[in-house]
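Have a look at the picture, then read on.

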Amino acid sequence: MERPDAQSADEIDLVAALQAGDERAFERLVRDHGPRLFAVARRMTRDEAAAQDCLQEAFLSAHKAIGRFEPHGSLGGWLHRITVNACLMRLRAAKRLAETPIDDLLPSFSAEGLRVGEPRAEVRDPETELEATRLKSMLREKIDALPDAYRIVLLLRDIEGYSTREAAEAIGIAEGALKVRLHRARAALKTLVEPLWDELGPS
Amino acid sequence: MITRHRLRWRIQHWLENRVPGLLTCAEFQQTLDDYIDGALGRAGRMIVDIHLKTCPTCRRYMSAYRKVRDIAPRALDTDETKALGEIPEDLVLAIIMARKAQPDA
């Protein structure tokens, strides 16, 4: 979703200039790709100062690694992965990627494996544009309320365009564990959102 | 073809004889994403379908779960979260200065 297409001729020239150590090419790289990558860093860290640090870290990493950049790859995609990794490193260092228990947000079952707690009536689809917009903004708010370990998995899979395998590798957990965590994130989100769903109607 | 009558009879048979293969709600929960993603084989899908047919609670759960699952990416994928075109000028300058302080690649 987030990854731009393969290289244009213009981009090939830019990469060549970067590999030659051209300072103006580096500035162009920052100005061209910075805004999109800054948005990535902001939504991953949810912190303006941290996002700025991560973006700087990412561009410095890119500067160091540009010699190894594959000429056939997408520069935007490459920078995107570097930025995501810079953010993940920071979150990991701050112990924000460790899974925290969210049992109270997950469905519960009896010893026989039956679902406990009667779920609510069928949730209805938003009927108007306004309702749909409200629903989305409510969801964003609730996604932000999730612990980082879960929120990040949702972001990587749903927004940053990572596959299960890529997300698992980036976070440093097994694919199976990633899938479980993603499911828990969605189940927790459902628990948080459902009670508010009916309030979406026109007010 | 499995008619509703035959299916009901089969489920009844499974319940009475405790034939393994019938899912509990907890097991259903674990297969939910694979089921929605179409990642279960034919037999697996059938077992989940049977659970859904017999368990209105899980049916309602899945319906709501699926909606949240579908809308979450769209909720995050907005101009606001992408914040295109916005980067503080002093950040651009800080990055360029930091690059100058580095040895060349």
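Predicted model: local features only at pLDDT ≥ 70, side-chain atom pairs only at ≥ 80, totals over all residues.

A:Lys95 is exposed, as 10 other C-beta atoms lie within 10 Å. Residues are numbered from 1 along each chain as its sequence is written, and chains are lettered from A and ligands numbered from 1 in the order in which they are written.

A:Lys95 isn't a glycine, yet its phi is positive. A:Arg46 also has a positive phi without being a glycine, and A:Arg46 is partly exposed, with 14 other C-beta atoms within 10 Å. The table shows where each one sits. Helices (H or I, at least four residues) and strands (E, at least two) are DSSP runs, numbered from the N terminus.

| Residue | Phi | Loop in chain A |
|---|---|---|
| A:Arg46 | about 55° | between helix H2 (23–45) and helix H3 (48–65) |
| A:Lys95 | about 60° | between helix H4 (75–93) and strand S1 (108–109) |

Now zoom out to the whole of chain A. It's divided into domain 1 (9–93) and domain 2 (103–200), with bounds that come from an automatic or database domain assignment. Taken over C-alpha atoms, the centres of these two domains of chain A are 30 Å apart. Where they meet, 8 residues of domain 1 of chain A are in contact with 7 residues of domain 2 of chain A; contact here means C-beta atoms, placed from the backbone, within 7 Å. On the domain 1 side, H2 and H4 of chain A each supply at least two residues, and H4(A) gives the most, with 4 residues. That side divides into 5 nonpolar, 1 polar and 2 charged residues. (Ala, Val, Leu, Ile, Met, Phe, Trp, Tyr, Cys and Pro count as nonpolar, Asp, Glu, Lys and Arg as charged, and the others, Gly among them, as polar.)

What about the largest nonpolar core? It has 65 residues, and A:Ala41 and A:Val153 touch the most other members. (Such a core is a set of buried Ala, Val, Leu, Ile, Met, Phe, Trp, Tyr and Cys residues joined through C-beta atoms within 7 Å.) H2(A) gives the most to this core, with 9 residues. The core lies between domain 1 and domain 2 of chain A, because both give residues to it. Leaving aside neighbours within four places in sequence, A:Val153 is in contact with A:Ala167, A:Leu178, A:Arg181, A:Leu182 and A:Ala185.

Then there's chain B. Its contact with chain A takes 41 residues from chain B and 48 residues from chain A. The largest share of the chain B side, 16 residues, comes from H4(B). By class, the chain B side has 23 nonpolar, 7 polar and 11 charged residues.

Notes:
Buried ≥ 20, exposed ≤ 12 C-beta atoms within 10 Å, placed from the backbone. Contact = placed C-beta atoms within 7 Å.
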